[in-house]
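User: Please take me through this two-chain model in short questions and answers.

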Amino acid sequence: MQVSPKTVQGTVHNTDNQRSARPLSPRVSVYRWRGPMLASFAHRISGVVLVLFVPVYLCLLSGLTASAADFSDTINWMHSPLGRLLLWLIGSALIYHLVNGMRFILLDAGFSETREEMRGSARFSLAAGLAAVVLLAVYLW
Amino acid sequence: MDTVIQLEIYRFDPEQGGEPRMQSFEVPVNKPGMKLLDALNYIKWNLDGTLTYRRSCGEGVCGSDGMNINGVNGLACITPIAGLKQPIKVRPLPSMQVIRDLVVDTTHFFDQYRSVKPWLQAESPVPEHERLQTPDQRAELDGSYECILCGCCTTACPSWWWNGDRFLGPAALLQADRWIKDSRDEATGERLDDLEDAFKLYRCHQIMNCMEACPKGLNPTAAINHLKRTLLARKS
């Protein structure tokens, strides 16, 4: 019996042209966000924020330790609207990253590994992050 | 419950080409406890015979009808219509090449499954009857042997969406863990060597979509964490 060149052991192998014409099914644009996914993405974003603001920490550190005049200038800047906004962002990111980071460490160590515990701990981290955002805003303004 | 349900289904016809589109359908609720697969069957048999999807057992065992249902992956045959927000949006499993409508190319998914050598590897002589396990050793496999390879977990994973060429994904890693935990398997060292790679295993960022999507209630995230701990214990 003659075997079609496209058919090997009953499996139809598609040509490269057919493959390349295939669309990729939608992914991030359609996938529903749930607690653990949100918690993980927020962890990455807060981590990036903390790293990007390293120059700000260094400026603050050098300003606060240079001279009496620099100290008071730096304190004044920290009380300005921009200073408060940056402190709010950094503080919120730090608290969320800390809480969720401890959650990840506990998960890595094998604690709270049931499905319900994973969902519950994600909700806890997100609630802690939200609380940090609100409480810091109240404190700073 | 409504007597008629609304669905929007992803359509792609390779012969006509063009962009994929969403098509609306109305389906009568013709039995209590109706599942999404019943609605797809109704469309195919009564409204539009060209609608294409995979299905076989119809009871959540074969893993053929994994699809994205209202944004979350699941099996159409065990997803009740009741409780789904309408219009029910039905799309193929995410981040896969679409062959037609809801049918995707699973070649890469199964290649990754094969790459973890999902079979018993043992060099010791085969006993007269069978390789025995204690009840406790057998219980170690609970939570991983039940996987039906539907692909719902792997195609729900953002790490796999973006690094699927090198990250093995939750389903293959769950199976890798299943064989590493098996007391009869004698290739644990080689299996761990194969996994010790920045991409194959460590692209998991605990997003946990796999755990949320698994229609069998399994937890691939926990299996991946167990693999990481096993590798760490081997080093220390």
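**Helix packing, sheet and chain contact**

Analyst: The axes of H4(A) and helix H5 (residues 81-108) of chain A come within 4 Å and cross at roughly 75 degrees. Axes are lines fitted to C-alpha atoms, for helices over the stretch in contact, and angles run from 0 to 180 degrees between N-to-C directions. Helices (H or I, at least four residues) and strands (E, at least two) are DSSP runs, numbered from the N terminus. This is a predicted model, in which local features need pLDDT of at least 70, side-chain atom pairs count only at pLDDT 80 or more, and totals for chains, interfaces and linings use all residues. Residues are numbered from 1 along each chain as its sequence is written, and chains are lettered from A and ligands numbered from 1 in the order in which they are written.

User: How are H4(A) and H5(A) oriented to each other?

Analyst: Their axes cross at roughly 75 degrees. Angles under 35 degrees count as roughly parallel, over 145 as roughly antiparallel, 65 to 115 as roughly perpendicular and the rest as oblique. H4(A) and H5(A) are therefore roughly perpendicular.

User: Which residues of H5(A) meet H4(A)?

Analyst: Two residues are in contact if their C-beta atoms, placed from the backbone, lie within 7 Å. H4(A) brings Trp77(A), Met78(A) and His79(A). By class, the contact of H4(A) with H5(A) has three nonpolar, two polar and one charged residue; Ala, Val, Leu, Ile, Met, Phe, Trp, Tyr, Cys and Pro count as nonpolar, Asp, Glu, Lys and Arg as charged, and the others, Gly among them, as polar. The partners in H5(A) are Gly83(A), Arg84(A) and Leu87(A).

User: How do H3(A) and H4(A) lie to each other?

Analyst: Helix H3 (residues 54-66) and helix H4 (residues 68-79) of chain A have axes 5 Å apart. Their packing angle is about 135 degrees. H3(A) and H4(A) are therefore oblique.

User: Which residues of H4(A) make the contact with H3(A)?

Analyst: H3(A) supplies Leu60(A), Gly63(A), Leu64(A) and Ala66(A). The contact has four nonpolar, two polar and two charged residues. From H4(A) come Asp70(A), Phe71(A), Asp73(A) and Thr74(A).

User: What percentage of the residues of chain A count as buried?

Analyst: Chain A has six helices and two strands, in the order β-β-α-α-α-α-α-α from the N terminus. A residue is buried if 20 or more other C-beta atoms lie within 10 Å of its own, exposed if 12 or fewer, and partly exposed in between, with C-beta atoms placed from the backbone. Of the 141 residues of chain A, the buried share is 15%.

User: Is Met118(A) buried or exposed?

Analyst: Met118(A) lies in helix H6 (residues 115-140) of chain A. Not counting residues up to four places away in sequence, Met118(A) touches residues of chain B including Met208(B), Met211(B) and Thr221(B). There are 23 other C-beta atoms within 10 Å, so Met118(A) is buried.

User: Which element of chain B gives the most to the side that touches chain A?

Analyst: 35 residues of chain B are in contact with 24 residues of chain A. On the side of chain B, 18 are nonpolar, twelve polar and five charged. Elements giving two or more residues include strand S6 (98-100) and helix H8 (220-235) of chain B. With five residues, the most comes from H8(B).

User: Which strands stand at the edges of the sheet in chain B?

Analyst: Five strands form an open, mixed sheet in the order S2-S1-S5-S3-S4 (chain B). Two strands pair if DSSP finds at least two bridges between them. The edge strands each have a single partner strand, so one side of each is left without a neighbour in the sheet: strand S2 (21-28) and S4 of chain B.

User: How many bridges join S1(B) to S2(B)?

Analyst: S1(B) and S2(B) run antiparallel. Glu8(B) stands opposite Ser24(B) in S2(B). On its other pairing, strand S1 (residues 4-11) of chain B runs parallel to strand S5 (residues 88-91) of chain B, with three bridges. The bridges between S1(B) and S2(B) number eight.

User: How far apart are the C-alpha centres of domain 1 and domain 2 of chain B?

Analyst: Domain bounds come from an automatic or database domain assignment, which gives domain 1 (4-104) and domain 2 (107-235) of chain B. The contact takes 14 residues from domain 1 and twelve from domain 2. The C-alpha centres lie 29 Å apart.
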